[in-house]
Amino acid sequence: MERDIDTGSAHSARIYDYIIGGKDHYPADREAGDAMVREWPALPVHMRANRDFMNRAVRHLAEEAGIRQFLDVGTGIPTSPNIHEIAQSVSPDARVVYVDNDPLVLALSQGLLNGTPEGRTAYVEADMRDPASILDAPELRATLDLTQPVALTVIAIVHFMMDEDDAVGIVRRLLDPLPSGSCLAMSIGTAEFAPDEVGRVAREYAARGMPMRLRTLAEAEEFFAGLELVAPGIVQVHKWHPDGTGTEVIRDEDIAMYGVVARKP
């Protein structure tokens, strides 16, 4: 498996892992992360706030919405608590399917498969740009019951999809087969709150072969046409159901991500 991992080039998931304090990264990722933090010192605050949003959203979906099935597309490197740990702490019978196409995530995926005896977890190696390969995967079909509500989580990934990728259409195709009562939780990159700083970070990503497509509020809204937004709607991630557990002061200009949870009628 290791032979498939390009350790000489920076990778977005490993840069993220490095900046939030993980251990699964290589010198190229650390060089990239350090360069980005020099351009925007708030980047670690922003990335931790995104991760905290995901944790709160999953807990809300499990506790308040009663969701017992999760489909996480663009999983990234395992970082505890992972989605199955949060969902199964609420309901031990929760089921989670993780999806990613990064060989390193595959190599580390055992950390995503250590759920409760009552629940189930599975890993699908697939590219988000091919929704059918995800939805038709035997691992997904054996784990999730698509006649019952599913929470689709797409966290911090669509800003790496260009216009020609049609991110809105891809998310719609993933959501279409899911029944009424299913939910969509997303975080969506934006430059609206710190345009200069975030622009510089985006240039650092692009220089390493990872161009970014940052979205305005109006563009973020396109993902949720026909869905019912959970209050407070589309807000910066640190403003979505804050639980008071964070210890760092977060300024609006330190956050470049919208967080949203919506329900399929």
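I took buried to mean under 20% relative accessible area, exposed to mean over 50%, and partly exposed to mean in between, with a 1.4 Å probe and protein chains only. The model is predicted, so I kept local features to pLDDT of at least 70 and side-chain atom pairs to pLDDT 80 or more, while totals for chains, interfaces and linings use all residues. Residues are numbered from 1 along each chain as its sequence is written, and side-chain values use heavy atoms, with hydrogens and water left out.

**Entry 1, salt bridges.** I counted a salt bridge where a side-chain nitrogen of Lys or Arg lies within 4 Å of a carboxyl oxygen of Asp or Glu, and a search of the whole structure gave 15. I looked up Arg251, which is partly exposed at a relative accessible area of 45%, and found a salt bridge to Asp254 with the closest N and O atoms 2.8 Å apart; Asp254 counts as buried at 7% relative accessibility. I then turned to Arg208 and Glu204, whose side chains meet in a salt bridge at 2.7 Å, N to O, where Arg208 is partly exposed at 23% and Glu204 counts as buried at 18%. Glu31 joins Glu204 and Arg208 in a network of salt bridges. Glu228 and Arg263 form another salt bridge, with their closest N and O atoms 3.5 Å apart, and this pair links distant parts of the chain, 35 residues apart, with Glu228 in strand β6 (residues 228-229) and Arg263 in strand β8.

I used DSSP runs for helices (H or I, at least four residues) and strands (E, at least two), numbered from the N terminus, and I called two strands paired if DSSP finds at least two bridges between them. Strand β2 (residues 95-100) has five of its six residues buried, so it is largely enclosed by the rest of the structure. I found β2 paired with β1 in the parallel sense over five bridges, with Asp72 standing opposite Tyr98 in β2. Strand β3 (residues 120-125) is joined to β2 by six bridges and runs parallel to β2, and there Val97 stands opposite Ala122.

I took contact to mean heavy atoms within 4.5 Å. In helix α8 (residues 167-175) I noted Ala167, Gly169, Ile170, Val171, Leu174 and Leu175 as the buried residues, and their cover includes β1 (69-73), α6 (131-135), β4 (151-155) and β5 (183-189). I defined a nonpolar core as a set of buried Ala, Val, Leu, Ile, Met, Phe, Trp, Tyr and Cys residues joined through side-chain atoms within 4.5 Å. The largest such core has 36 residues, of which Leu71, Met128, Leu152, Val158, Leu184, Met186 and Phe224 touch the most other members. Its largest share, five residues, comes from α8. I also recorded a second, separate core of 35 residues that includes Ala87, Ala94, Leu112 and Ile155.

Leaving aside residues up to four places away in sequence, Met162 touches Pro211, Met212 and Arg213. I also looked up the separation of the C-alpha atoms of Met162 and Glu228, which are 66 residues apart along the chain, and found 26 Å.
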